[in-house]
Amino acid sequence: MKRRKKKSLHPKEHRVYCTYFPDGRYYIGYSCKPPKQWDKYYGSSREIREYTTEDQQELKKELIVTYNNKNQAKLQEMLLQLQYRYDDNCINDMIHIRLRLKYLTDFEPVDWEPLSYESIT
């Protein structure tokens, strides 16, 4: 007997974001966390997890784009990570991606470039 997946009342938001450090470094990531968790989430990078705000400025986060489709968000994340892989300020060091192409037929990449830490509110 097959079980049906439970449909969520609130569809997930698949976000591509950038986390900025006061020293100019940044991290490009993907998240589908619910709103309460999203507000406090800055990424899974080791540098972000080990970053403490004691006597330091806080990390800042920019929402680049939101999709209803996980595959589109993951593809956009990967494209941005590839685009900025030679930027010394970009701390991304891993790309893990496995996508089903049939869900990407109407995908359009966004035009984005990193901001300065000071310009994030």
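This is a predicted model: local features need pLDDT of at least 70, side-chain atom pairs count only at pLDDT 80 or more; totals for chains, interfaces and linings use all residues.
Local features need pLDDT of at least 70 and side-chain atom pairs count only at pLDDT 80 or more, while totals for chains, interfaces and linings use all residues. Residues are numbered from 1 along each chain as its sequence is written, and side-chain values use heavy atoms, with hydrogens and water left out.

Start by selecting R15, in strand 1 (residues 14-20); strands are DSSP runs of E, at least two residues, and helices are runs of H or I, at least four, numbered from the N terminus. R15 counts as buried because its relative accessibility is 3%, where buried means under 20% relative accessible area (1.4 Å probe, protein chains only).

Now show E13 and K33. The side chains of R15 and E13 make a polar contact at 2.8 Å (a pair of N or O atoms within 3.5 Å, one able to donate a hydrogen and the other to accept it; residues adjacent in sequence count only if both atoms are side-chain atoms). A polar atom of the R15 side chain also lies 2.7 Å from the backbone oxygen of K33.

Next, select I28 and W112. Of the 20 residues in the largest nonpolar core, these two touch the most other members; such a core is a set of buried Ala, Val, Leu, Ile, Met, Phe, Trp, Tyr and Cys residues joined through side-chain atoms within 4.5 Å. Strand 1, strand 2 (26-31), strand 3 (60-67) and helix 3 (70-83) each supply at least two residues of this core, and helix 3 gives the most, with four.

Finally, pick W38, I48, Y51 and I91: they are among the nine residues of another core, apart from the largest one.

How values were computed: Buried means under 20% relative accessible area, exposed over 50%, partly exposed in between (1.4 Å probe, protein chains only).
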